[in-house]
Amino acid sequence: MNAPISARRPAPEALAAVMGELSARFGERAVVNASIREQHGHGEGLADAALPDVVVFAHTNEEVAAVVSACAAARVPVIAFGVGTSLEGHVAAIHGGVCVDLSQMNRVLDVNAEDLDCRVQAGVTREQLNAELKGTGLFFPIDPGANATLGGMAATRASGTNAVRYGTMRENVLGLTVVTADGRIVRTGGRARKSSAGYDLTRLYVGSEGTLGIITEVGLRLFGVPEAISAAVAQFPDLRSAVSTVIVAMQMGIPVARIELLDAVQMDACMRYSKLEGYEAKPTLFFEFHGTGAGVAEQAGLMQQVAAEHGGGAFRWATAQEERTKLWKARHDAYYAALALQPGCFGFSTDACVPISRLADCVLETREDIDATGLTCPIVGHVGDGNFHVLVLFDPDDPAERAKAEALAHRVSMRAIAMGGTCTGEHGVGIHKLDALVAEHGEAVDLMRTIKRALDPLDIMNPGKTVPLQKAEAR
Amino acid sequence: MLDSYVQAELAALLPPSALLTAPEDTRPYECDGLTLFRERPAAVALPETEAQVAGILRVCHAARVPVVARGAGTSLSGGALPDRNGLVLSMAKFRRILAIDALARTAVVQPGVRNLAISEAAAAHGLYYAPDPSSQIACSIGGNVAENAGGVHCLKYGLTVHNVRRVRALLVNGDAVEFGGASLDSAGYDLLALVNGSEGLLAVITEITVKLLPKPQHAQVALAAFDDVEKAGAAVGAIIGAGIIPAGLEMMDQPATRAVEEFVHAGYPLDAAAVLLVESDGTIEEVGDEMAEIRRLLTESGATSIRVSRDERERLLLWSGRKAAFPAVGRISPDYYCIDGTIPRKALPLVLRRTAEWSKEFGLACANVFHAGDGNLHPLILFDANREGEIERTIAFGDRILGLCIEVGGTVTGEHGVGVEKLSAMCAQFAPDELERFHGVKAAFDPSGLLNPGKAVPTLARCAEFGRMHVHHGELRHPDLPRF
């Protein structure tokens with residue numbers, strides 16, 4: 001899982017040409033300062049940093065296009081950067097080059113309440129968007145753990161705790177503005193809700209992790225804030241009963257908005273980190289119900305019945321806004337809570353997603369596998385859609401432990417693929433899952449490679465990520 | 001005519017009854033649901049195994065014979081229009097439902113399975129397949145994927161692309177490849193989304209895993225009458241703007257309701273300028289709450305009468321009018337031409353007003369039925385092909401509506417696909433940069449260009465030609481391209 005540090009660096013004269021052009025155009029916004037470059041050389045996953053040669057803070061579509069044009073002319077890699085919360089090494093400049101920081105492109109461009117949509121610049125974060133939507137009666141539901149940018153969320157096809165009700169970025173991006181590999185500004189999709197005109201370039205760029213173009217604006221679907229929301233917590237005697245509760249609820253079609261599993265290790269971590277009181281370190285489900293007053297009561301009643309049949313304890317309700325916020329904040333902080341279990345440790349998060357009919361097998365086998373390794377690894381997941389994460393903790397100074405951790409993470413991916421699932425439900429491929437991609441898709445990887453070559457013939461867009469260009473790159 | 005070597009090679013792969021070359025045998029394949037365009041293919045193959053399809057593709061690829069895959073032939077855009085030098089590859093014999101996994105809520109089906117047959121088979125498990133194009137009793141799921149079909153319920157439940165998990169397909173050289181997977185997401189580029197709506201230009205689909213949904217416990221539909229079309233359009237905005245996403249939200253204007261009422265007697269008010277059908281589904285409590293809110297919004301928007309279905313029989317009766325709208329219009333006019341523009345919902349009143357004005361200007365009646373909730377218009381222009389000049393006027397009227405759709409930020413096709421019908425309109429909607437990207441995608445899958453040639457994505461040369469003819473608002477489109 002080490003970032004493949006490449007011998008392929010931009011030629012010094014090519015880099016000099018690009019630097020000259022960038023400092024002329026961007027002045028102080030083209031930064032070569034080591035600490036800024038360091039900050040832009042990695043996301044939140046493994047600290048396999050690879051520093052870009054320069055970081056440019058762009059403000060407009062045209063500026064991004066100018067950076068990409070300069071890079072294309074000199075064949076220098078260009079890597080888009082939001083706020084650096086990705087988990088799979090997406091932003092590491094493994095071949096050097098220019099990092100385009102989009103975080104200052106942070107304007108909400110328009111909100112159309114009557115059409116339930118909006119358009120934002122790529123650097124707007126999900127929390128910022130929802131803060132700006134306050135008072136309109138609308139919200140944007142996709143909520144990965146981190147307060148990521150919407151551009152980054154589109155680029156990695158992110159998801160969150162309520163995908164089971166509202167879908168992932170795949171369903172919620174209506175259109176994009178993309179700077180293509182030759183520095184042109186292209187708009188894909190539109191504000192129309194459906195279109196069968198032309199190939200679906202919007203969805204091709206969603207999830208392409210900056211390897212086909214740089215997303216600079218995102219058109220998004222919005223939803224009405226539900227009339228009533230209530231959240232509840234139920235604790236279970238063992239992992240199997242918690243997972244079975246989820247499966248039965250999904251099978252019955254209870255339209256729950258969020259259903260999150262925390263195993264005993266994760267619950268323990270969250271109780272300590274987020275000071276949750278009155279719970280036990282047992283497998284736990286967090287629920288949230290959205291709808292009309294009567295609808296919510298009905299959903300919750302059904303859910304309670306199912307949980308009780310599987311040995312779940314009484315529901316603890318959180319209907320007041322502050323209580324709910326505290327609960328979901330604890331869930332969103334699960335990654336940090338897990339890291340706090342072993343101060344000084346590193347962690348990476350696996351991202352298996354399987355058909356719901358295989359969820360129990362997959363989670364339980366994975367738990368046994370973890371226990372056999374002796375590593376500390378909490379499990380947490382948006383289990384309503386079959387997606388769960390193992391946070392694999394290890395001591396970065398112990399090579400043997402790191403190897404053990406990497407092997408475990410690899411087995412988690414492969415187990416999911418063998419069960420008809422995927423190695424990544426929402427984090428993306430980055431550099432860490434190139435091999436798993438090949439295991440998952442086989443022949444189709446050839447087509448992905450051909451598309452990469454067609455849309456980025458010089459291989460300058462975030463090179464070395466998402467799709468192994470040479471078959472040898474995939475281990 | 002096929003080259004005799006090619007014909008012999010195909011004959012070796014298929015039983016005699018599965019390879020048609022005589023004109024009387026190939027004639028039934030000369031058009032699909034868009035009968036304005038016709039072409040007889042050199043041959044029609046009717047394979048029944050994936051190995052046969054692969055063999056056919058290998059033969060055609062080696063001999064550079066174009067291949068047009070065909071499902072049930074219900075396309076409204078000429079997607080299955082044959083190539084005169086090519087082969088029609090009929091997938092009609094791929095009619096098996098291979099598996100239903102009630103727990104994972106998926107079904108694995110062959111491409112020739114009818115849309116409705118999936119829901120019928122899943123009904124035993126309390127499940128159904130959500131996208132429901134009006135042709136669902138006849139159209140095949142393979143064609144639905146190829147066209148990214150919608151339907152009256154896609155407002156809430158999404159288009160085909162949102163309801164398909166995995167597609168197995170053969171590339172132009174006969175190699176098998178799988179897109180997507182059984183779980184919710186899948187790693188890497190979203191090739192599954194590319195194949196949805198690719199109109200047979202990228203690969204030949206041989207197997208599909210669709211998502212099934214639990215049948216809602218309860219559903220009710222409200223029929224609301226308005227004395228003014230724009231008020232009905234505004235009511236649509238009020239409902240959506242209130243954050244309600246109904247299971248279906250359909251509008252019909254007076255010419256459409258009158259045609260329908262004479263045909264199916266669904267009880268639509270004949271004096272209304274427009275009617276809305278608004279459906280709510282879910283648990284009994286949810287439907288009750290939502291229907292009360294919908295009723296309130298409809299009243300506030302000026303509905304002159306509201307009728308809510310009291311039982312399942314009445315619900316189906318109210319829907320029967322909408323579902324029968326196309327054949328009903330077919331009864332009152334010798335010919336009709338269906339437009340498929342989609343616009344942001346906000347522009348609905350404007351587009352309706354203009355359409356009415358142009359209907360007078362062109363002297364052609366126009367019945368409007370549409371998926372109002374997602375802004376997908378289906379104006380049906382009534383004409384008589386035998387009357388001098390009416391075809392031309394019809395096409396000019398249609399082009400004008402589509403031009404307006406693009407102008408207000410919409411698209412020329414919401415769910416019927418481009419096919420051969422809307423190639424020129426594509427030039428107006430997409431800039432050369434985007435068209436180039438489309439060609440790049442096509443070349444990645446099918447560098448030989450043999451799969452369904454001449455459809456869906458216009459060549460830049462064609463757009464240059466189109467631009468020369470259509471100087472828009474005094475501006476020449478694509479001025480950088482050479483003219484011919």
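These questions and answers go through a predicted model with chains A and B.

User: Why is B:Glu312 called exposed?
Analyst: Count its C-beta neighbours. B:Glu312 has 11 inside 10 Å. The cut-off for exposed is 12 or fewer. So B:Glu312 counts as exposed.

User: Where does B:Glu312 lie?
Analyst: B:Glu312 is part of helix α12 of chain B, residues 312–323. In sequence, B:Glu312 and B:Asp190 are 122 residues apart. In space, their C-alpha atoms are 39 Å apart.

User: What makes residues of chain A and chain B count as in contact?
Analyst: Their C-beta atoms must lie within 7 Å. By that test, 72 residues of chain A are in contact with 76 residues of chain B.

User: Which element gives the most to the side of chain A that touches chain B?
Analyst: Helix α17 of chain A, with seven residues. Other elements supply at least two residues each, among them α11 (293–309) and β9 (185–189) of chain A.

User: How do the residues on that side of chain A divide?
Analyst: There are 27 nonpolar, 28 polar and 17 charged residues.

User: What makes a set of residues a nonpolar core?
Analyst: The residues must be buried, of the listed nonpolar kinds, and joined through C-beta atoms within 7 Å. The largest such core here has 300 residues. Helix α3 of chain A (residues 61–74) gives the most to this core, with eight residues. B:Leu89 is one of the residues with the most contacts inside the core.

User: Which residues does B:Leu89 touch?
Analyst: Leaving out residues up to four places away in sequence, its contacts include B:Ala45, B:Val53, B:Ile56 and B:Val204.

Notes: Residues numbered from 1 in each chain as written. Chains lettered and ligands numbered in written order. Predicted model: local features only at pLDDT ≥ 70, side-chain atom pairs only at ≥ 80, totals over all residues. Contact = placed C-beta atoms within 7 Å. Helix = DSSP H or I, 4+ residues; strand = E, 2+ residues; numbered from the N terminus. Nonpolar A, V, L, I, M, F, W, Y, C, P; charged D, E, K, R; others polar. Buried ≥ 20, exposed ≤ 12 C-beta atoms within 10 Å, placed from the backbone.
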